[in-house]
Amino acid sequence: MTTDGLEGVVVADTQLSDVDGERGRLVIRGHDVESLALAHDFEALCALLWTGALPSAAEHAELRARLGRARMRAFERLPRLGDALDGADGMEGLRASLAHLRASEIDARDVHAELTGAVAVFAAAWARVRRGVAPLAPDPALGHAADYLRMASARGTDPARSRALDAYLVTAADHGMNASTFTARVVASTDSDPVSAVVAGVGALKGPRHGGAPGPVLAMLDAIGSPERAAGWLAAELAAGRRIMGMGHRVYRVRDPRAAVLERAVERLRAAGLRSDRLDLARAVEAVAVASLGERRPERRLAANVEFYTAVILDAIGLAQEQFSPTFAVARVAGWLAHIDEQARGGRLIRPSSRYVGPAPETPVAA
């Protein structure tokens, strides 16, 4: 029996994250994602994924310092990247930049920090090169989210926006056996190096069916323009047979819990005095979309997924639409690295079977 897209096939036991699609719950090493995103930053989430426990104050400070040093080392490598940062697509730039890293030069004792720092620096450097300005050197004294935002955003940074980005990075860091995580684990199962596995993960995340939806969500909100236009615009899209971006999920049968986390993070931004004109619009569009899709497909409720409010929060903190997917990689690399470790510790070579449905040979093989 074959299963299209490996739907429902368990390919590994994991202690890292559990996606409960029926109840709309995401658990990361025993913690609900909502509690993690509200109370902890990206460094704490990395420690949880990589070690199995939330860090003490001393451990948190030590990991923050390690990530800061890793960002500095990644920045020092920028001159040798050549034209890898050129081009209009941030994921191509990130993939090409990471491919320049030699596994032999990555400190095996701190591969997690090295690659996490490199993804952030290379993604931010691409954004600045695309704007025609020189990459900005990291500030190792800052937290990872704050420093990435400072390097990547034309607006600079402040505590409220940094906290909002931390909430996003925590929320997006790991999500079960998604396409890019599975890709990274397949590469790791061959005993290849972590650089190769991360580059492969970036390649999978580049695909618009996995990591590219937040940009189109923003374009949709801009096209609608105001809450009162939502019903008519969505009706026209559905009548034309087009998908409503940011609605529905391969696993969740209810609202994506990560959408609620990011919606709340945008509210906190507004409470801190930072405007987000798109939040009210997004809520109105979501409500109309849920009702309209429910009428058309009553057998399956389609609700907002993480990309819906990712577009709102990343726009609110000052990242351009073309930076959304690279910023996803800045978060997800933490999960890839945890899965790479888990695969290396106990997993076999991942080698599924296929069923041949092509033509039979014309001449039987002789006995």
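**View A: Asp315 and its contacts.** Setting aside neighbours within four places in sequence, Asp315 touches Arg155, Leu218, Arg278 and Phe324, where contact means heavy atoms within 4.5 Å. The whole thing is a predicted model, so local features need pLDDT of at least 70 and side-chain atom pairs count only at pLDDT 80 or more, while totals for chains, interfaces and linings use all residues. Residues are numbered from 1 along each chain as its sequence is written, and side-chain values use heavy atoms, with hydrogens and water left out. Asp315 sits in helix H14 (residues 306–316); helices (H or I, at least four residues) and strands (E, at least two) are DSSP runs, numbered from the N terminus. With a relative accessible area of 21%, Asp315 counts as partly exposed, because buried means under 20%, exposed over 50%, and partly exposed in between (1.4 Å probe, protein chains only).

**View B: The second largest pocket.** Here is an open space of about 340 Å³. Of its 23 lining residues, Pro159, Ser162, Arg163, Ala164 and Asp166 are the closest to the centre. Helices H1 (33–39), H6 (144–152), H7 (159–172) and H12 (257–271) each give two or more residues to the lining, and H7 supplies the largest share, with 7 residues. By type, the lining splits into 12 nonpolar, 4 polar and 7 charged; Ala, Val, Leu, Ile, Met, Phe, Trp, Tyr, Cys and Pro count as nonpolar, Asp, Glu, Lys and Arg as charged, and the others, Gly among them, as polar. A pocket here is an open set of points on a 1 Å grid over the protein atoms alone, where a 1.4 Å probe fits, with protein on both sides within 12 Å along at least five of seven lines; lining residues have an atom within 4 Å of a point. The volume is the space filled by probe spheres set on the points, which are joined across faces, edges and corners.

**View C: Helix H8 and its packing partners.** In H8 (residues 179–189), the buried residues are Ser180, Thr181, Ala184, Arg185, Val187, Ala188 and Ser189. They pack against helices H9 (194–205) and H15 (324–346). Just after H8, Asp191 takes a positive phi of about 70°.

**View D: The three-stranded sheet.** This open sheet runs S1-S2-S3 with antiparallel pairing; two strands pair if DSSP finds at least two bridges between them. Strands S1 (17–20) and S3 (31–32) stand at the edges with a single partner strand each, so one side of each has no neighbour in the sheet. S2 (residues 25–28) is joined to S3 by 2 bridges, and Val27 stands opposite Asp32 in S3.
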